[in-house]
Each structure stands twice: as C-alpha cells, then as structure tokens.
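Keep the sequence and the model side by side as you read.

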Amino acid sequence: ERPSVATTLQALALTNGEVLSKLIKDGAAALAGEAGGQQRLAKRVFRAALGRSPNQAESAMLAELIRGDNAAESVEDVLWAVTMLPEFQLIY
C-alpha cells in the first residue's frame, strides 16, 4: 500500500533537496533552449509530469510564469510550480 500523503521529512527532502534542485535547473536550461513557444512548453511539461494537458487556468498561470527576460529562470519557475503540485507528488 502506498500512502497518499508525504511525510514531513519526504516533503522537506523534495522541496529543499540538492538532487531535485539540480535536475530542475538542468531541465529548465534544456527546455528554455527549445523552440515552440509557451503553449508547447506548457503541454509538454504537464504531459511529462502529470500525464495530462494543462487546463485553461493552468495554461494562464504558466504563461504568466514564462513571461520575462530570462527564459531559463522562467522555465525553472514553471518546473518548480508543477513539481510542488499535490498531483505530481502523488504520482511520483
């Protein structure tokens, strides 16, 4: 049986861990260099992380996060937002 809620220690390791931080930073750099625009990025991230496309509210949130001068940092913010979703944490 798999618990549906992470323990406090698991949650802290996820949000403060060096391994996840490096993976997100490296992934954001790779994704920021790809062409295709905000909609394609949002769909790709949601399908890979959650197995579904983003809804309208999530697409709007992602579009807001992706705006900015530094594409890699903006994509990193998107990846952090998705990994902190309870839905992501339940899947992984």
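In which helix does E76 lie? E76 lies in helix α5. Helices here are DSSP runs of H or I with at least four residues, numbered from the N terminus, while strands are runs of E with at least two.

A word on the model first. This is a predicted model, in which local features need pLDDT of at least 70 and side-chain atom pairs count only at pLDDT 80 or more, while totals for chains, interfaces and linings use all residues. Residues are numbered from 1 along each chain as its sequence is written, and side-chain values use heavy atoms, with hydrogens and water left out.

Now stay with E76. Is E76 buried or exposed? E76 is buried, at 14% relative accessibility. Buried means under 20% relative accessible area, exposed means over 50%, and partly exposed is in between (1.4 Å probe, protein chains only). Beyond its neighbours within four places in sequence, E76 is in contact with I24, K25 and A28. Contact means heavy atoms within 4.5 Å.

One of these residues carries a charge partner. Side chains of opposite charge can pair when their charged atoms come close. E76 and K25 form a salt bridge, with their closest N and O atoms 3.5 Å apart. This pair links distant parts of the chain: E76 belongs to helix α5 (residues 71-83), K25 to helix α2 (residues 18-32), and they are 51 residues apart. A salt bridge here is a side-chain nitrogen of Lys or Arg within 4 Å of a carboxyl oxygen of Asp or Glu. K25 is partly exposed, with a relative accessible area of 46%, whereas E76 counts as buried.

How many salt bridges does a search of the whole structure find? It finds four. Turn next to R52.

R52 and E58 meet through their side chains in a salt bridge, at 2.8 Å from N to O. E58 is buried, with 15% relative accessible area. R52 counts as partly exposed, at 25%. R52 also forms a salt bridge with E87, where the closest N and O atoms are 2.9 Å apart. E87 lies in helix α6 (residues 86-91) and R52 in the loop between α3 (37-50) and α4 (56-66), so this pair ties together parts that are 35 residues apart in sequence. E87 is partly exposed, at 31% relative accessibility.

Which residues are linked in a network of salt bridges? They are R52, E58 and E87.
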